[in-house]
Structures are given as C-alpha cells and as structure tokens.
Amino acid sequence: MTTPGPDDVRQGPAVPERRLHPVTPFRRAWAPVAVIAGWAVHDPNQAQEQLTRLTTTMLLAGLAVLVPVAALYGFMSWWFTHFSVTDSELRIRTGLLFRRTAHIRLERIQAVDVTQPLLARVAGVAKLRIDVVGADKKDELAFLGEDEARALRAELLARAAGFAPETAREVGEAPARELMRLPARELAISLVLTGATWGSLVAALVVPPVLWLATHSVVTVLATGLPLLGAAGASSVGRFVAEYDWTVGDSPDGLRIDHGLLDRTHETVPPGRVQTVRIVEPLLWRRRGWVRVELDVAGSSNSVLVPVAPRAVAESVVARVLPGVTVPPLRSLTRPPRRAGRCVPLWWRGYGITVTDTVFAARHGLLRRRLSLVPHAKVQSVRLTQGPWERLWRLADVHVDTGANKTVTARLRDAQQAAALLQSQAERSRTSRRDARPDRWMT
C-alpha cells in the first residue's frame with residue numbers, strides 16, 4: 001500500500017537512493033505552462049483581452065521570466081525525487097516544500113508495466129508503472145533509461161516472487177514465449193467491420209450540417225462537431241495506433257502484452273489476479289470467426305487481452321490466463337424460458353448460461369455477443385433479484401460478484417432454477433476458494 005510520511009517512518013539499514021533520468025526535468029518543466037494554459041481555457045474572454053493588451057516588449061519579457069521559471073521548476077522537481085529498493089519495499093521520495101514518501105510493499109506488487117511515449121522512445125527513456133493491490137492508482141517512475149527501466153522491472157518482479165535481494169538482480173527478466181501476434185491488416189479490417197466505428201463516423205458527418213441548418217451558429221456546430229470527430233478518430237485511427245503490433249507472450253511472471261505504433265506499451269497480466277474474461281463477438285466478425293478478449297483484473301486498469309483473433313487462437317490464450325479452464329462451447333448454453341420474452345422482447349434470445357466444474361459462464365447480447373467467464377474461486381458473492389414483473393412470470397436474475405467490483409448476471413432464469421443455481425454456485429465458490437492455489441509470481 002502507498003502511504004505518505006517522512007523518511008524516518010520506517011527504520012532499517014541505509015539503502016542507496018537513485019534519481020530519475022536527466023531528461024525528466026524537460027518533461028516536468030511544462031507544469032507552469034500548463035497552469036497558464038488552464039487559466040486561458042477556463043476564462044477565454046479574459047485571456048483574449050489580456051493578450052490584446054500585450055505589446056511585443058511585454059510578451060518577450062514574459063517569456064524571459066516564464067522559461068527560466070519552468071526550467072527551474074523542472075530541475076528542482078527532478079533533484080528532489082529519489083527512489084530505492086529495500087529488502088521489503090520500493091520507496092519513492094518526492095517534494096520540495098511538501099515531502100511525500102511512498103512505501104510500496106514488494107509482496108503487494110501485482111504488475112509492473114513499461115510504457116514509452118513517442119518522444120520518450122526518441123530520447124531512449126521509459127516510464128515504469130507499478131500496479132499495487134488495494135491502490136486506486138498506479139505509482140510511477142518517469143522517466144528512467146530504457147535499459148534501467150527493464151532491469152528495475154525484472155528486479156521488482158523477482159523480489160515479489162520471493163527471491164533474495166542478493167540474487168534478484170541476477171535473475172534478470174524472465175523469458176517469454178510468443179503466443180500470438182496481431183497482423184496490421186487483420187486489425188484494420190476488424191475496425192472497418194466494427195459498428196461503433198461507422199456509427200461515430202456517420203454521427204460526425206451528419207450532425208454538424210443538421211445543426212447548421214437548424215441554428216446557423218458556428219459555435220454550436222464546432223462545439224458539437226469537434227467532439228464527434230474526436231470520437232470517430234478514437235474509435236478508428238486511435239484504436240489502430242494503440243493496438244498496432246499487439247503481441248501476447250507467456251512468461252513465468254504472467255502474460256506479457258506489447259503494443260503501440262507511436263507510444264509503445266509493455267504490460268503484464270499478473271497471474272491469479274484475473275477475475276473475469278469476456279469473449280466479445282461483434283455481428284460482422286462472425287463470418288470470419290473473429291473474437292475480442294477482454295479482462296477484469298483486480299486492482300488493475302488492464303482490460304484488453306486480445307483485440308481481435310480467430311476463436312481458436314483466442315481460446316488458447318484464455319487457457320493460459322485461466323489455467324485449467326476450457327471455454328464452454330456455444331451449444332452448451334441454455335436460454336431462458338420462452339416466457340422471458342414478456343419481460344424483454346426479442347433480446348431475451350441473446351441470454352444464456354452454463355456452469356462447468358471450473359467457471360460460471362453467462363452470455364449477453366443478440367447482435368454483439370459477450371460471453372463472460374468467472375472462475376468459481378474468484379466469486380465473492382452470489383445474489384438473486386426479482387422485480388415485480390419478473391415475479392409475475394416466475395423469473396429471476398442471478399448475479400455473481402467478483403473481486404474486481406464487477407458483476408456477471410444470468411438474466412431471466414426460471415425462478416426455481418435460479419434459486420437452485422444460487423445455492424449450487426455458492427457451494428462451488430466456497431469449495432473452489434478452499435482448494436485454489438495461492439497467487440504467486442514466477443511459479
């Protein structure tokens with residue numbers, strides 16, 4: 001857990017502290033400029049008035065003051081930032097006036113990601129992001145030399161696995177075996193066949209002209225059209241850039257995911273922390289047999305495992321992230337009774353569930369199918385709900401809650417079957433948690 005405090009909060013032998021890469025001050029020097037830009041955006045009218053009053057001499061004088069202040073801020077923030085690795089924790093000390101020391105227990109580290117924005121790749125540096133159990137956000141070290149970041153990541157993972165401090169550095173980065181690599185052509189075709197891409201593009205092309213005919217206001221058209229264009233770009237070009245060269249590798253410290261065209265990201269799916277796996281099948285992908293695999297990981301923002309792949313390849317990757325789990329075939333899913341159509345016309349046909357020895361599986365969606373798999377050992381609670389209309393038609397919903405604060409629901413089941421499912425699922429979860437192996441690194 002990350003807690004603020006002075007340097008002497010924890011006693012112990014002196015540990016040498018290290019600084020970030022010398023390029024870091026250039027990154028942090030933007031903070032004063034961002035403050036001024038934020039003020040201008042917050043009150044654009046006043047900012048425009050102030051700009052019209054400025055002469056060339058005043059503008060140059062302002063820049064002569066702003067640039068040294070920004071440079072000094074960047075240097076001081078870098079100078080007073082240190083980090084060190086002790087026998088039991090990673091310490092990050094920051095702050096000039098207000099000191100803050102983060103103590104990250106090594107045994108609570110569940111993922112260490114290396115990210116490289118475009119400019120960082122040019123400069124040969126990388127950002128280290130540490131995912132800790134129970135923390136709302138990731139702590140980070142930005143920036144380190146690329147080789148130093150990888151070496152520190154390997155050391156932290158080795159320490160978290162229980163290796164002795166004197167041997168952790170010698171262990172190095174665990175080898176990885178490539179499971180799949182996404183071709184750029186396949187990614188581009190999948191985006192073209194995605195309904196969200198076309199929906200956002202049509203909205204960006206149709207809505208602004210309609211608003212212009214209705215209001216004749218340039219401000220209204222720009223205020224509406226620019227966000228729509230941004231959404232269209234994010235759902236097409238943005239996703240292509242982010243998911244380019246998506247590679248999944250298998251290693252002792254979890255599944256490694258590398259991706260990105262401009263900003264390169266190296267993520268880790270930690271072993272034993274995956275709570276739910278979703279296999280998503282859009283309508284236009286079915287003819288090609290493609291699916292998308294998404295994750296719910298406890299305490300982590302990692303959400304995509306496979307952007308697009310043939311079902312057989314995707315299921316082989318799922319088998320690595322959920323050892324011992326086999327994806328149930330679609331024919332094994334049972335639909336709700338026909339009277340469920342009185343509650344949800346037509347769309348009830350998209351619901352289905354099956355329960356195996358290892359997972360609780362529920363499907364939702366008629367056009368965009370989503371099959372959610374929850375290992376029994378990851379179920380935190382089971383609930384049964386029944387609204388007045390469902391009660392009239394003897395139907396009920398069974399909700400399965402996971403450790404990632406997510407819920408998977410078996411909708412519109414027969415009331416008696418739902419009650420039996422509630423009891424059996426509670427017993428399966430209790431037995432599976434008792435027999436489950438502890439989550440460990442590099443096992």
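Modeller: Helices (H or I, at least four residues) and strands (E, at least two) are DSSP runs, numbered from the N terminus. This is a predicted model, where local features need pLDDT of at least 70, side-chain atom pairs count only at pLDDT 80 or more, and totals for chains, interfaces and linings use all residues. Residues are numbered from 1 along each chain as its sequence is written, and side-chain values use heavy atoms, with hydrogens and water left out.

Colleague: OK, what's the order of the 6 strands in the open sheet?
Modeller: They go β13-β12-β11-β16-β15-β14, with antiparallel pairing. β13 (304-310) and β14 (352-355) are the edge strands, each pairing on one side only.

Colleague: How many bridges between β15 and β16?
Modeller: 6 bridges, linking residues 359-364 of β15 with 369-375 of β16 in the antiparallel sense. A362 sits opposite S372 of β16 there.

Colleague: And which strands does α11 lie across?
Modeller: Helix α11 (residues 311-321) lies across β11, β12, β13 and β16, at about 150 degrees to β13. Angles run from 0 to 180 degrees between N-to-C directions, and axes are lines fitted to C-alpha atoms, for helices over the stretch in contact. Helix α8 (residues 184-192) lies across β12 and β13, running at about 95 degrees to β13.

Colleague: How do α8 and α10 cross?
Modeller: Their axes come within 10 Å and cross at roughly 155 degrees, with α10 covering residues 218-243. That makes α8 roughly antiparallel to α10 (angles under 35 degrees count as roughly parallel, over 145 as roughly antiparallel, 65 to 115 as roughly perpendicular and the rest as oblique).

Colleague: Which residues make that contact?
Modeller: From α8 it's A184, L187, A188 and L191, and from α10 it's S235, S236, R239, F240 and E243. Contact here means heavy atoms within 4.5 Å.

Colleague: Switching topic: is β2 mostly covered or mostly uncovered?
Modeller: Mostly covered: 5 of the 6 residues in β2 (residues 89-94) are buried, where buried means under 20% relative accessible area, exposed over 50%, and partly exposed in between (1.4 Å probe, protein chains only).

Colleague: What does β2 pair with?
Modeller: β1 (residues 82-85) is joined to β2 by 4 bridges, antiparallel, and β3 (residues 100-105) pairs with β2 over 6 bridges, also antiparallel. L90 of β2 stands opposite V85, and the bridge partner of L90 in β3 is I104.

Colleague: And the turns?
Modeller: A hairpin of 3 residues joins β1 to β2. β2 and β3 form a hairpin with 5 residues between them, and G95 in that turn has a positive phi of about 105 degrees.

Terms used: Pairing = 2+ DSSP bridges.
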